[in-house]
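Please keep the sequence and the model in view while reading.

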Amino acid sequence: MSMIDDIEKVLFSQQELQRKVNELGEQITRDYAGKEPIFVGVLKGCFVFMADLMRAVNLPCQIDFMAVSSYGKGTTSSGNVQINKDLSYDIAGRDVIIVEDILDSGVTLNYLVGYLNNRNPRSIKIVTLFDKPARRKAPIKADYFGYEVPDEFIVGYGLDYAEKYRNLPYIGVLKPEIYA
């Protein structure tokens with residue numbers, strides 16, 4: 001059985017994703033002209049988006065990663081945020097851009113913004129490829145986002161279910177029987 005058989009429908013093609021990522025990169029390039037932001041990727045889901053986004057940003061910049069979890073093996077946030085890998089660089093006085101694959105409940109990102117603010121960055125902004133406001137539990141929004149998505153379980157382009165499907169080059173809706 002192929003991974004493709006588990007997909008109910010394709011929401012965004014590989015070409016649509018690339019166009020949107022390029023638009024986000026151009027906007028960030030304009031907004032941060034003359035600055036050297038540090039992009040902080042939230043692992044694991046951000047890695048595909050972040051790699052493409054970095055190539056679409058025409059600025060000197062630095063990258064770092066954090067591993068943060070509030071999901072465990074479930075499909076909804078537990079609300080209990082855990083930092084599994086912290087930053088390698090000092091962000092004091094820096095312009096930080098948090099890169100996330102999807103803004104869902106907002107619990108993890110809300111916690112992360114507070115956590116990083118304690119390190120005295122000059123600014124913190126959030127870029128996410130997908131925004132799912134129907135699931136929001138925390139008072140947070142992205143400064144840059146690609147697409148608003150419906151309250152369906154999406155996978156591909158870095159997004160997973162049980163560590164699978166990240167390698168799909170598009171965004172698809174997972175058939176409910178796969179995660180039920």
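In which sense do strand E2 and strand E3 pair, and over how many bridges? In this predicted model, strand E2 (residues 38-43) and strand E3 (residues 62-69) are paired in the parallel sense, over six bridges. Within this pairing, phenylalanine 39 has isoleucine 63 in E3 as its bridge partner.

Both strands belong to an open sheet of six strands, ordered E4-E3-E2-E5-E6-E7, with mixed pairing. Strand E4 (82-85) and strand E7 (144-148) are the edge strands, each pairing on one side only. On average, neighbouring strands of the sheet are turned by 30° against each other, direction ignored. Helix H2 (residues 47-56) packs on the sheet and touches E2, E3, strand E5 (95-103) and strand E6 (123-131); the direction of H2 makes about 160° with that of E2. Helix H3 (residues 107-117) also packs on the sheet, touching E2, E3, E4, E5 and E6, and its direction makes about 165° with that of E5.

The salt bridges number twelve. One of them joins lysine 85 and aspartate 64, with the closest N and O atoms 3.8 Å apart. This pair links strand E4 to strand E3 across 21 residues. Lysine 85 is partly exposed at 30% relative accessibility, whereas aspartate 64 is buried at 4%.

Aspartate 151 and arginine 135 form another salt bridge (3.3 Å, N to O).

Through shared partners, salt bridges join Lys44, Asp160, Glu163 and Arg166 into one network.

Key. Residues numbered from 1 in each chain as written. Predicted model: local features only at pLDDT ≥ 70, side-chain atom pairs only at ≥ 80, totals over all residues. Heavy atoms only, no water. Pairing = 2+ DSSP bridges. Helix = DSSP H or I, 4+ residues; strand = E, 2+ residues; numbered from the N terminus. Axes fitted to C-alpha atoms, helices over the stretch in contact; angles between N-to-C directions. Contact = heavy atoms within 4.5 Å. Salt bridge = Lys/Arg side-chain N within 4 Å of Asp/Glu carboxyl O. Buried < 20%, exposed > 50% of the residue type's maximum accessible area, 1.4 Å probe, protein only.
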